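Take a look at the model below. We start with its metal sites and then turn to the packing of its helices.

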Amino acid sequence: MKALTFSGIGTIHYEEIPDPAILDDSDVIVQTQHCAVCGSDLHVFHGREVGIDPHTAMGHEFTGEVVETGKKVSRFRPGDKVVSPFTTACGSCFYCLQGLSARCIHNQIYGWVQSGAGLQGAQAEYVRVPLADSTLINYEEYDLSSELALLGGDVFSTGYFGASLAEVKKGGSVVVIGCGPVGLMAVFSALLLGAGKVLAVDTIDRRLRLAGKMGAIALEAGNSLREAVHDYTGGRGADAVIEAVGSASAQSLAFELVRPGGIIATIGVHTVDHFTFTPADVYNKNITYKSGRCPARSLMPTTLPLIEANGPILSEIITHRMSLKEGVRAYEIFDQKRDGCIKVILHTEG
Ligand SMILES: [Zn+2]
Ligand SMILES: [Zn+2]
């Protein structure tokens with residue numbers, strides 16, 4: 001089959017790799033309909049996350065059609081249209097039962113094969129899905145297109161998770177730092193959860209315009225940002241800051257913009273070693289810092305209906321639709337934020 005593979009830092013290839021096969025009775029094979037390039041794929045692409053074997057298929061966001069099932073799979077059969085969260089989940093361990101599927105003791109993330117072990121990615125014509133009964137969801141149970149269902153597997157669920165971590169209060173103020181796909185979904189989710197004021201921060205006009213259309217106050221990152229947040233929050237700072245970038249500068253900005261007693265919710269994938277603020281800074285401002293990988297599978301029964309109810313505005317984040325074959329160019333466009341790119345979705349041929 002064809003796939004987009006990691007072929008060294010800064011290099012993605014569209015190449016032939018072996019078709020996946022059923023390895024365990026709980027596996028299914030899915031023929032991909034849509035897959036997407038995600039901000040966290042760029043960590044691998046740029047070498048900020050290392051260890052992945054060359055020629056591993058990239059990607060963890062996809063929808064598709066079940067084409068083959070292992071002997072113990074009972075909930076799916078060939079022809080079912082499915083969406084997957086970006087990590088697999090057993091559905092019955094301590095963490096799955098707590099709603100923290102991201103920390104399932106059997107979880108694997110798509111697109112990470114290291115020293116020969118792990119799971120191939122979804123930017124490919126076919127994907128092997130382990131623990132299929134407890135991982136996949138049949139998106140035809142909802143009124144969702146394949147593209148919209150895909151947003152539930154990661155970006156919408158992750159944005160919603162950020163707003164949940166931020167404990168958005170009715171009428172409260174929330175700053176969202178970074179209005180990429182996940183940040184925009186966090187903006188929308190914070191408003192859904194009743195925030196009175198969502199201040200959306202980015203440098204790119206198209207993203208800010210979309211945040212504004214969703215109901216946020218768009219603020220350009222820059223010198224006057226601190227003053228503006230100050231003015232909008234009664235001089236205190238925001239009740240919560242959702243940090244959706246994952247950089248040291250975004251982290252230190254979050255600390256500056258949150259009010260004493262507020263919450264910093266970090267959903268950007270961090271790849272740096274140290275906090276930009278100290279334990280004493282946290283003590284002196286009574287800050288709560290929350291972070292972690294989104295338990296997408298646990299959240300999808302909540303988030304898929306929300307996507308279903310808000311499809312038109314949410315689909316506006318999809319600025320680029322290309323084919324898997326054009327994936328190398330899709331990475332370039334997405335990485336360099338060319339042509340006002342927010343989210344690229346790739347379709348497979350045939
Ligand atoms: Zn993703
Ligand atoms: Zn589990």
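Which geometry does the site of the zinc ion (ligand 1) have, with its 4 donor atoms? The site is tetrahedral, with angles of 96 to 129 degrees among those donors. Four donors count as tetrahedral if all angles lie between 85 and 135 degrees.

A word on ground rules. This is a predicted model, in which local features need pLDDT of at least 70, side-chain atom pairs count only at pLDDT 80 or more, and totals for chains, interfaces and linings use all residues. Residues are numbered from 1 along each chain as its sequence is written, chains are lettered from A and ligands numbered from 1 in the order in which they are written, and side-chain values use heavy atoms, with hydrogens and water left out.

Back to the zinc ion (ligand 1). C38 (SG), H60 (NE2), E61 (OE) and D154 (OD) coordinate it, at 1.8 to 2.2 Å. Donors here are N, O and S atoms within 2.8 Å of the metal (3.2 Å for Na, K and Ca); water is not among the atoms, so sites may look incomplete. The donor spacing in sequence reads C-x21-H-E-x92-D. E61 and D154 link distant parts of the chain, 93 residues apart. E61 sits in the loop between β4 (56-57) and β5 (62-69), D154 in the loop between α4 (146-153) and α5. Helices (H or I, at least four residues) and strands (E, at least two) are DSSP runs, numbered from the N terminus.

The axes of α4 and α5 lie 3 Å apart, at an angle of about 40 degrees. Axes are lines fitted to C-alpha atoms, for helices over the stretch in contact, and angles run from 0 to 180 degrees between N-to-C directions. α4 is therefore oblique to α5. Angles under 35 degrees count as roughly parallel, over 145 as roughly antiparallel, 65 to 115 as roughly perpendicular and the rest as oblique. L151, G152 and G153 of α4 make the contact with V155, F156 and S157 of α5. Contact means heavy atoms within 4.5 Å.

α5 (residues 155-165) also meets α6 (residues 181-192). Their axes come within 7 Å and cross at roughly 50 degrees, so the two helices are oblique to each other. Among the contact residues are F156 and Y160 of α5, and M185 and F188 of α6.

α4 has another partner, α11 (residues 296-309). The axes are 8 Å apart, at about 140 degrees, so α4 is oblique to α11. L148, A149, L151, G152 and G153 in α4 meet A296, M300, T303, L304 and I307 in α11.

Key. Four donors count as tetrahedral if all angles lie between 85 and 135 degrees; four count as square planar and six as octahedral if opposite donors are over 155 degrees apart and all others between 65 and 115; anything else is irregular.
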